[in-house]
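Please consult the sequence and structure shown here.

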Amino acid sequence: MEQTKGSTLARQLDATATHISEMGWEIYRPPLIDRGKSAYTGDNIETGQLGKFAKSIMTGTVDATSLVLVVEELDRLSRQPADVMLSWLSPLVRRGLSIKVVSTGQMISVEMLDHDMGGLMMILITAFGSHTESRKKAGRVAAAWEKKREAARDGQATIQRNHRHPKWIEIATDGSFFVPEDKARIVRMIFENRIAGIGKGLTAKKLNELSQSDPAYAPWPLNAGERKAPKMWTPTYVGRILANRAVLGEWQPYHRPRKGAATPAGDPISDFYPQVIDPATFARANEKRLVDALKHQGRGRGLSNLLGTRAACGSCGGRMDALGSARPFINKKGEQRRHYFLYCRAAKVAKTCDNERGWPYDKVEGPLLDRILTLAMDDQHFAGDIDISPLEAAVHNARATVMETERRIGILIDTLETVPSDAVRERLSMRQNELAIAKETVAKAQEELAAARGKVSPAEHIRRVSEVRANMWAEDADERFEARRKIKEALSDVIDVIKFDPETGKVRVSLRNGVAVFSITADGEIVHDFDLLKDNDNFEYISDPEKRATLMAYKSRRKRTKTAKAFSS
């Protein structure tokens with residue numbers, strides 16, 4: 001039994017049951033019903049209940065010599081071409097299975113294979129016709145969907161009630177999309193939290209707390225209300241909202257074949273949904289540096305480990321975990337200490353690495369902050385008197401353009417691999433030129449922003465950084481969390497990797513773009529300190545515009561720090 005909707009399934013069950021009763025046969029087993037398994041693609045005879053039944057016969061698990069498989073129409077078994085159908089039927093029939101077609105009254109058996117090939121061929125021709133009709137129908141459906149997509153691109157789409165839209169969007173009585181204010185408020189909150197350095201876990205936790213007293217914050221129903229809403233918000237769903245470009249108003253149509261993965265059907269359609277988040281905010285919330293900084297933050301507000309995913313084992317390259325108690329205590333000498341160590345996760349948990357050495361966390365964090373915190377933190381981590389929000393918006397808008405152009409290039413490359421076309425190659429070349437221009441725009445915007453941020457005095461910069469570092473141990477939990485969040489984000493922004501060498505015990509720190517490399521000994525001393533910026537003022541030779549802009553920003557911050565230290569001494 002293939003179909004399971006409407007009266008089709010009931011009709012098939014009634015017809016076969018009546019025939020079995022009329023023939024005086026006993027029912028061997030419950031009906032074979034393949035929900036969601038297509039006879040057109042052959043899924044039902046490969047992985048469905050029918051396929052499992054056939055396999056049990058072919059492996060000898062079931063003796064089929066006295067069994068009759070009753071079907072209303074033969075195309076309930078398969079709508080594959082005649083040769084595929086014959087190759088599937090013949091081995092089963094040779095094993096003793098008979099197949100009774102209720103609509104024609106014909107019995108497919110060993111005798112038919114041996115003596116009535118004409119009758120069998122007539123059945124196969126009918127089945128082949130079913131396959132052809134199904135293929136034509138699939139073509140008509142695909143053409144209809146393509147027509148709907150083109151209408152949407154022209155702004156003339158007719159919204160259907162069964163359109164799979166995001167759950168913060170609803171359909172009005174006149175058929176238009178709209179976003180209720182309470183849902184828009186939740187979407188904006190999710191993005192604001194991400195930009196403020198609050199991870200998915202904490203955001204989900206906050207939403208669940210709010211939903212206890214305000215139903216407006218309750219999780220959204222699924223599938224237009226056909227399924228019950230989940231009981232609580234989850235970090236996974238919060239992450240999906242952050243990555244969903246529908247918040248920008250875009251709809252990305254897809255080709256969804258019966259077999260295989262879905263693929264984008266052309267470029268995304270802008271202004272299809274109501275926009276909730278602007279492109280600059282979306283780009284900022286999805287910046288890789290911010291995403292990396294918030295990884296493994298968890299649902300609490302401790303943020304005890306500031307190294308995050310940058311810390312890597314020198315033996316296996318796996319992640320280093322901070323284990324033990326991050327709560328400080330006072331030892332007999334009156335010194336503040338923590339029983340908090342960094343271990344290779346693969347060695348400690350999975351037992352797949354031989355690096356069992358542990359590093360006292362504070363012996364790494366302290367020297368690291370001494371060396372690079374003033375370089376890592378710039379004015380973006382502080383609220384200042386200078387209004388640089390327009391320049392920040394320009395940077396994020398430019399990055400949004402880069403992200404979108406890269407995404408469209410990816411779609412064109414996928415299309416080119418499956419359907420080679422000169423037109424697609426021409427569009428790909430055009431997009432690649434657009435990407436180069438967009439990257440130059442990002443670099444220019446970054447340089448302008450760095451220049452504006454540099455207007456704060458060097459002494460003021462040092463003072464602010466020192467204040468944030470002191471607040472890492474503040475008694476107020478919110479103040480402590482905010483300080484540690486800022487520092488973790490800043491470190492993630494400049495650090496490429498922190499390698500822990502089990503043989504020497506040294507910790508090697510490499511900054512992004514090769515700006516600096518240094519090591520921290522087991523005693524917390526900085527050694528082998530290489531600084532690319534030390535005697536280099538010209539970065540015009542660097543072809544990558546974003547890398548050039550980053551190095552120039554580092555150089556500006558380094559000069560400011562040196563000036564401040566010289567002034568204070």
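D370 is exposed, with a relative accessible area of 52% (exposed means over 50%, buried under 20% and partly exposed in between, with a 1.4 Å probe and protein chains only). The model is predicted: local features need pLDDT of at least 70, side-chain atom pairs count only at pLDDT 80 or more, and totals for chains, interfaces and linings use all residues. Residues are numbered from 1 along each chain as its sequence is written, and side-chain values use heavy atoms, leaving out hydrogens and water.

The side chain of D370 forms a salt bridge with that of R469 at 2.6 Å, N to O (a side-chain nitrogen of Lys or Arg within 4 Å of a carboxyl oxygen of Asp or Glu). D370 belongs to helix 13 (residues 361-376) and R469 to helix 16 (residues 458-470), so the pair ties together parts 99 residues apart in sequence. Helices are DSSP runs of H or I with at least four residues, numbered from the N terminus. R469 is partly exposed, at 27% relative accessible area.

## Salt bridges within helices

In the whole structure, 16 salt bridges are found. R408 and E404 form one at 2.5 Å, N to O; both lie in helix 14 (residues 389-418), four residues apart, about one turn of the helix. R408 is buried at 14% relative accessibility, and E404 is buried at 11%. A network of salt bridges links R245, E250, E404, R407 and R408.

E482 and R485 also form a salt bridge, with the closest N and O atoms 2.6 Å apart. Both residues lie in helix 17 (residues 477-494), three residues apart. E482 is partly exposed at 31%, whereas R485 is buried at 10%.

Methods: Helix = DSSP H or I, 4+ residues; strand = E, 2+ residues; numbered from the N terminus.
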